[in-house]
Amino acid sequence: MFLYLSKLLPLFFYPLGLASISLVVALVTLWKRPRIAGVAIAFALTLLLSCSNAWVAKSLVRSLEWQNLPPAPMPNAEAIVVLGGATKSAFPPRPAVDLSEQGDRVIYAAQLYRQKKAPIIILSGGRINWRGSGSPESADMADVLTSLGIPSEAIVQEPNSLNTYQNAENVRKILESRSIRRVLLVTSAMHMPRSLKIFQRQGIDVIPAPTDFLVSQGEMQEITSTPKAAILNLLPDTENLQQFTSALKEYVGSFVYRLRGWL
């Protein structure tokens, strides 16, 4: 039940959902209470304009992504742990497993393995039933890795986790069974702060290996590069709204996990 509520309830409090609720309120009160309707419309408009401009969205994303920058050079470890959320199952008309926006995780894990940073790759991720049946994410990621030339004997699958806490808990059991102490944790940079704390809470020696950075130094500099750029980046954009929402989800997730004692 917690899994479903944690996925569904917050949708109504993210910018798009909250703005939609506000517009519904405006529609209901438009004739009898126009002042309330006007306030609701103004709130929805302000919310969407604020959360969909590059100044706000990219700053919020940066506040998460730049917390755990990858060390240079990346140290060696005993295993590479890759968290799920990086693939789309091979449902028709998709001919094979596709990588999602977060698919950099799988590619980066393969690169780290080829650099001999660790001898095995542990793939952690199940499949939520109401998001569609099919292979667990760990199996999908394994398919991609083997297609990239990673030997199957170097891959360990953990197919039961449905959230980040379960990722850490189930991976810990695998590490203990193999007497592995130190791992490279591969996940999206925005997801790394929460993931790192959860794995550390499980007593795992974790080296952050973030990837899938949405905001770079160049992109932050571009916002203020010229007066025209500064003004244009104030305009609403769906990609900015998506990035803001994703970053907000991470902050909400950290808050909920802290309440449950998982951080």
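1. Buried, in this note, means under 20% relative accessible area, exposed means over 50%, and partly exposed lies in between (1.4 Å probe, protein chains only). By that scale Asp 98 is partly exposed, with a relative accessible area of 32%.

2. The model is predicted: local features need pLDDT of at least 70, side-chain atom pairs count only at pLDDT 80 or more, and totals for chains, interfaces and linings use all residues. Residues are numbered from 1 along each chain as its sequence is written, and side-chain values use heavy atoms, with hydrogens and water left out.

3. On the sheet. Helices (H or I, at least four residues) and strands (E, at least two) are DSSP runs, numbered from the N terminus, and two strands pair if DSSP finds at least two bridges between them. An open sheet of 5 strands has parallel pairing and the order β5-β4-β1-β6-β7. Its edge strands, each pairing on one side only, are β5 (155-158) and β7 (205-208). Neighbouring strands are turned by 25° against each other on average, direction ignored. Axes here are lines fitted to C-alpha atoms, for helices over the stretch in contact, and angles run from 0 to 180 degrees between N-to-C directions.

4. On the β4-β5 pair. Strand β4 (residues 121-124) runs parallel to β5 and is joined to it by 4 bridges. Ile 122 has Val 156 in β5 as its bridge partner.

5. On helix α8. This helix (residues 192-201) lies across β1 (79-83), β6 (182-186) and β7, and runs at about 165° to β7. Contact means heavy atoms within 4.5 Å.

6. On salt bridges. The structure holds 5 of them, a salt bridge being a side-chain nitrogen of Lys or Arg within 4 Å of a carboxyl oxygen of Asp or Glu. One of them joins the side chains of Arg 94 and Asp 98 at 3.4 Å, N to O. Arg 94 is partly exposed, at 28% relative accessibility.

7. Another salt bridge joins the side chains of Arg 127 and Asp 140 at 2.6 Å, N to O. This pair links distant parts of the chain, 13 residues apart: Arg 127 is in the loop between β4 and α6 (137-147), and Asp 140 is in helix α6. Arg 127 is partly exposed, with a relative accessible area of 21%, whereas Asp 140 is buried, at 2%.

8. Within helix α7 (residues 164-177), Glu 176 and Arg 172 lie 4 residues apart, about one turn of the helix. They form a salt bridge, with the closest N and O atoms 3.2 Å apart. Glu 176 is exposed at 53% relative accessible area, while Arg 172 counts as buried at 19%.
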